[in-house]
Amino acid sequence: MAKRVSLSGNEAVAFGMKQINPDVVAAFPITPSTEVPQYFSQFVANGEVDTEFVAVESEHSAMSACIGAAAAGGRVMTATASAGLALMWEMLYVGASMRLPMVLAVTNRALSGPINIHNDHSDTMGARDSGWIQLYSESAQEAYDNLIQAVKIGEHKDVQLPVMVCYDGFITSHAVENLEMLDDEDVKKFVGEKRIAPFALLGQDPVSMGPLDLPNHYFEHKRLQAEAMKNAKKVILEVAAEYEKLTGRKYGFFEEYKMEDAEVAIVVINSTAGTAKHVVDTLRAQGKKVGLIKIRVFRPFPAEELADALRNVKAVAVMDKADSFSAAGGPLFAEVRSAMYGRVDGKIVINYIYGLGGRDVTTAQIEKVYADLFNAIETGKYEVYNYLGVRE
Amino acid sequence: MAIVFERPKALLDVPTHYCPGCTHGIIHRLVAEVIDELGILDKTIGVAPVGCSVLAYDYFACDMYEAAHGRAPAVATGIKRAVPDSIVFTYQGDGDLAAIGTAEIVHAAARGEKITTIFVNNAIYGMTGGQMAPTTLPGQVTETSPYGRDVNTAGYPIRVSEMIATLDGAVYVERVSVDSVPNIIKAKKAIKKAFELQMQGKGFTMVEVLSICPTNWGLSPNEAIKWLRENMIPYYPLGVKKDITAGEVK
Ligand SMILES: Cc1ncc(C[n+]2csc(CCOP(=O)(O)OP(=O)(O)O)c2C)c(N)n1
Ligand code: SF4
Ligand SMILES: [Mg+2]
């Protein structure tokens, strides 16, 4: 029987990790993720899990130790945020290209500089091309659910990739919510007692891992890695279906909120979706046909499915809680607009960069975005690349 | 009336964010007094770490650079090389210096960078809420060692001063403490000597200061001072670990 509990996002993730009972957790503390390894180290000290916990000296070593443990066939998890994720950068690419499933819980926090501890998505957006699967979570419930599904997705024989589970720093990591947790036994059954590694150090066959790969094979290996990411799309949906059977909670690539007859839509990631849903309800009560899409799976990017979901709207605003400094728009915007190109042309697609460094986003601001969309449809006049809530 | 005691000019007249009883404040003051006494405020550049002293740039009156976690000695290297007649110091905690920044401190010392490091060792990651650091003592309770540091799984503390003293580029390394007035006076002398040797262009200098973290040790400031004296000083013996000028006639 699932149980209802009141937990913060970090507690939910730490308890999820306890239920998963990984072989190795190597971590280094960083706000606002610190509590995850901290709670977990207490489970280890109390003998509530069988995990080897290693308090390493940096995130670079945390990810390196995780890679070593995964190369040896272990089930491996860790947690970080912001500069910690940035310091893992080199190893993120190594872990993904070596096709080592691992689960990394990221509490999204702004990247330095300037140094800032509050939420935006510059950390994981910066890691978007590292080869990791990225699942985003609106709430503590979703962070927990994504964490458990992440193990199964990453370890699937057709995928064999590491997975990042992302949720907003402080907003989700520290706020306490009511949520439903699975029974320990159900989690165990769902993820399987042990990771089954097709190859590992001291596995069935002799191996050398992480070797030099020059022009005669490097490209083919990268091609296979890309194929694994494509395979992940199917597996993510299969795992979600199985999870739904267990919990009744439905997960896909993204959530569509009041999109059936929507004329305008916002596309957004993580906790801002909660604020935006409230605005959708308010505007719907006024008879305005507004909708929302909340992205759950950013890597692999569900391009076709997303374009299809936007087939009937006239105008879309993509809200990015990270800038890409491309001088052409934020990262989510670039993906969404390119997904639409050639599939659902002729729409107005605009971008808002918002909330950098933890700047609050208000319902009034989101209402303004919807108003801008209606205005753009009416007048045909609009700016593509906009900032929301910044002093100019 | 003669003024016998005043706020050092190198320390700004602002309240700090440090917890009550925290000795970071005393160490700031010692550094500031030394800067005043040497008359180098206008050519000193401080490099602040990530840790509880992350806001040191709000407290010191000299120019300051706030470095990424652990990178202060590397950043200080760049500053000193670009402005060789500046006086450059880093102010770093044990997490910053002895965990994530171990490579930077070792190599700045090995290269004999003409900078001064003030290393504040409180045996814990203070800022992030009290997790085990490489300097945490065997048996010490922290958030990530709830039953005390177990050396079988978490290994042993690093004695950074002794380690740095083995490097030829380090000219002066001393460990001091701020647990008592006599020790505070010694600490100041050590900091002053480190700055002076930097000014003479001798090489890398470091002063490790044993410091308390009442908040994360879960002790009152008085108890924390006692704990430092009874536990830290035996593991981290005070004194000069390296001084290439020892025996030189002044
Ligand atoms: C790359 C990176 N990893 C982790 C952190 C989180 N972090 C901030 S302060 C700190 C520990 C500081 O401890 P210490 O240097 O001992 O200073 P104290 O607060 O004890 O004075 C950590 C791990 C960070 N800011 N950047
Ligand atoms: S947490 Fe510890 S080191 Fe930091 S200011 Fe408070 S007492 Fe000082
Ligand atoms: Mg410390």
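**Exercise 1. A helix in chain B**

What should the 19 residues of helix 7 (residues 181-199) of chain B span, at 1.5 Å a residue, and how far apart are its end C-alpha atoms?

Solution. The model is predicted.
- Step 1: take the rule that the expected span is 1.5 Å times one less than the number of residues.
- Step 2: for the 19 residues of helix 7 of chain B this gives 27 Å.
- Step 3: compare with the end C-alpha atoms, which are 27 Å apart, so the two values agree.

Now find the residues of helix 7 of chain B that are buried, and say what they pack against.

Solution. 
- Step 1: apply the cut-off for buried, under 20% relative accessible area.
- Step 2: list the residues. B:Asn183, B:Ala187, B:Lys188, B:Ala190, B:Ile191, B:Ala194, B:Phe195, B:Leu197 and B:Gln198 are buried.
- Step 3: recall the helix geometry. With 3.6 residues a turn, residues three or four places apart in an α-helix point the same way.
- Step 4: name the partners. The buried residues of helix 7 of chain B pack against helix 1 (24-38), helix 2 (72-82), strand 3 (87-93), strand 4 (116-121), strand 5 (170-177) and strand 6 (204-210) of chain B.
- Step 5: look just past the helix. There B:Gly201 has a positive phi of about 75 degrees.

**Exercise 2. The sheet of chain A**

Give the strand order of the open sheet in chain A, and say which strands stand at its edges.

Solution. 
- Step 1: read the order, 3-2-4-5-7-6-12, for 7 strands with mixed pairing.
- Step 2: check the ends. Strand 3 (52-55) and strand 12 (297-299) of chain A each have a single partner strand, so one side of each lacks a neighbour in the sheet.
- Step 3: zoom in on one pair. Strand 4 (residues 76-80) and strand 5 (residues 103-108) of chain A run parallel, joined by 4 bridges. A:Thr78 stands opposite A:Leu104.
- Step 4: Helix 3 (residues 59-71) of chain A lies across strands 2, 4 and 5, at about 165 degrees to strand 4 of chain A.

**Exercise 3. A metal site**

Which residues coordinate the magnesium ion (ligand 3)?

Solution. 
- Step 1: find the donors. They are B:Asp94 (OD), B:Asn122 (OD1) and B:Ile124 (O), at 2.0 to 2.2 Å.
- Step 2: write their spacing in sequence, D-x27-N-x1-I.
- Step 3: check burial. B:Asn122 and B:Ile124 are buried.

**Exercise 4. Handedness**

Solution. 
- Step 1: note that strand 14 (residues 348-354) and strand 15 of chain A run parallel, with 4 bridges.

Key
Residues are numbered from 1 along each chain as its sequence is written. Chains are lettered from A and ligands numbered from 1 in the order in which they are written. This is a predicted model: local features need pLDDT of at least 70, side-chain atom pairs count only at pLDDT 80 or more; totals for chains, interfaces and linings use all residues. Side-chain values use heavy atoms; hydrogens and water are left out. Two strands pair if DSSP finds at least two bridges between them. Helices (H or I, at least four residues) and strands (E, at least two) are DSSP runs, numbered from the N terminus. Contact means heavy atoms within 4.5 Å. Axes are lines fitted to C-alpha atoms, for helices over the stretch in contact, and angles run from 0 to 180 degrees between N-to-C directions. Donors are N, O and S atoms within 2.8 Å of the metal (3.2 Å for Na, K and Ca); water is not among the atoms, so sites may look incomplete. Buried means under 20% relative accessible area, exposed over 50%, partly exposed in between (1.4 Å probe, protein chains only).
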